Amino acid sequence: MKTFLVLGAGTGGTMMANKLAKRLDPQEWKIILVDKDETHYYQPGFLFIPFGFYKPEDVVKTKKAFVPSNAEFILSDIELIEPDANKVTLTSAKRVIQYDQLLVATGTDIRPGEIEGLAGAGWHQNIFDFYTYAGSVALSKFLSTFRGGRVVINVAEMPIKCPVAPLEFSFLADYYFQQRGIRNKVELIYTTPLSGAFTKPKASEMLGGLLEKKGIHIEPDFAISDVDAGKNVIYSYDGREISYDLLVSIPTNMGADVIGRSGMGDDLNFVPTNKYTLQSQKWPNVWVIGDASNVPASKAGAVAHFESDTLIENIERSIHGQALQETFDGHVNCYIETGFGKGLLIDFNYETEPLPGTYPLPVVGPFSLLKESTVNHWGKLAFKWIYWNILVKGLPMPVPSRMSMVGKRA
Amino acid sequence: MSKLLDSVKFDADGYLDDPNQWTEELAKEIAAREGITLSDRHWVVINYARNEWKTKGEAPTLRNITKNTDVDTKELYGLFPGGPGKLAAKVAGLHKPTGCI
Ligand SMILES: Cc1cc2nc3c(=O)[nH]c(=O)nc-3n(C[C@H](O)[C@H](O)[C@H](O)COP(=O)(O)OP(=O)(O)OC[C@H]3O[C@@H](n4cnc5c(N)ncnc54)[C@H](O)[C@@H]3O)c2cc1C
């Protein structure tokens, strides 16, 4: 019996375990899935919780419910990966697993400790994140009694997962404070280390324009050096200082510590991965999906889904001694909530930046690209249903994996 | 523009088209164009960036530079005011850092 070991049972790991369970011969392969957390979080929902648009219970399910029946699920932290010896040591009971093929799907999480003063006295008092369940729930409590003042949204360092989420948070905050009738008492400031609202020129211009239209001040090229939680001020390396009443922080994002500990990661614990085949750059029987890799595509659930199509093919090919296909094109497809029941859609890949136009989709589409519409907002809300019922189950989605130029205006 | 700067091609944002054409002399002139006079401390960063490019094919991130040299982030901002990642890459004759998506 051979072992296919999947580390991390979040979006990517769960999806791949389901696909592998269908593709690999159960007489020959045993699939093991390891995660330290019993609960599967629908992370895109963390965006809506602070404003009460989603309730905390809307975004949680148990991980076991999505584990294929012929796979084993182990609840444990991971102590060490030794890819040269095809060996993984789990923390619980120091169990050691010898594997034939390994998929790394340990994702990324926030590291407030990387920024001086951020994780100190103000953390979850008047400094919050919304990238974790605990953070978004705590922020919703804070916001419900917030009477006004200066709200500073700070992106500490790139890359972050779902790079549009901080912008969406800002748009929704404007909407939320208007609904509560206190928008005139709230000042919104968006601070980013980027030179504009987003990483890609056309989208950056469009999103920057939206910020302005909504009266959200943008402070670009702001590289945060530290936080003074006593004075409620953030400082940048080039000497700027901005005071806040509420600081909404997107701290440094890093891959799992065990990746660093095992000598498998870069400076941020992301695993060097071939960006077209999704095989580890160092070990041919190690594969990487989703946020855990260093490929220059957005860290998003939709991206993990597109990657899974390339991965399942290449894993099968590799097992049968065939050449790998370089099919992953960096495809990102992402709804951006803009408030007032509207949304945007962007669709791009390694080579093509987000462009305006339409996104053709049978039945539900077409969605408009880089332009606000109500249909795009429905798309975002529908994503939750699609996530639980299609995406993590590894079922085929009605969206092609490779990006298409149909409908786009260059 | 100087003869040396005229003799090579830059992209629209002012990054050297072909990193292989880079020389130390060129670095001094690119830096001057950006209003920077190069000191020993600049060279620590530039040499490190060139080495990273040779082994990895791209410009290093700020985090990478501060982790692997004795230059910390504060000093980097002093040396290359504004955007140290981008400026250091420019002076080192490398392409614009992709860094973030
Ligand atoms: C606020 C927010 C909004 C978002 N919005 C969108 C959106 O609109 N659209 C979209 O496509 N994506 C969105 N995303 C991103 C999306 O949620 C992630 O990109 C996706 O979940 C990545 O999947 P993954 O499998 O790589 O990582 P994850 O789903 O995070 O899974 C990683 C798993 O590994 C486990 N793990 C880590 N370390 C260890 C260890 N040492 N031992 C054991 N287990 C471990 C974790 O417990 C976790 O279950 C959003 C994310 C956030 C935070």
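**Exercise 1.** Find how many salt bridges the rule gives across the interface of chain A and chain B.

*Solution.* Start with the rule: a salt bridge is a side-chain nitrogen of Lys or Arg within 4 Å of a carboxyl oxygen of Asp or Glu. Applied across the interface of chain A and chain B, it finds 3 salt bridges. One to look up is A:Asp267 with B:Lys67, at 3.8 Å from N to O. Next, sort the chain A residues on the side that touches chain B: 10 are nonpolar, 4 polar and 6 charged. Here Ala, Val, Leu, Ile, Met, Phe, Trp, Tyr, Cys and Pro count as nonpolar, Asp, Glu, Lys and Arg as charged, and the others, Gly among them, as polar.

A quick note on the model: it's a predicted one, where local features need pLDDT of at least 70 and side-chain atom pairs count only at pLDDT 80 or more, while totals for chains, interfaces and linings use all residues. Residues are numbered from 1 along each chain as its sequence is written, chains are lettered from A in the order in which they are written, and side-chain values use heavy atoms, leaving out hydrogens and water.

**Exercise 2.** Work out which residues of chain A and chain B are joined in the contact, by number.

*Solution.* Contact means heavy atoms within 4.5 Å. With that, chain A puts in 20 residues and chain B 12 residues.

**Exercise 3.** Look inside chain A and count the salt bridges between domain 2 and domain 3.

*Solution.* In one, A:Glu168 pairs with A:Lys380, with the closest N and O atoms 2.8 Å apart.
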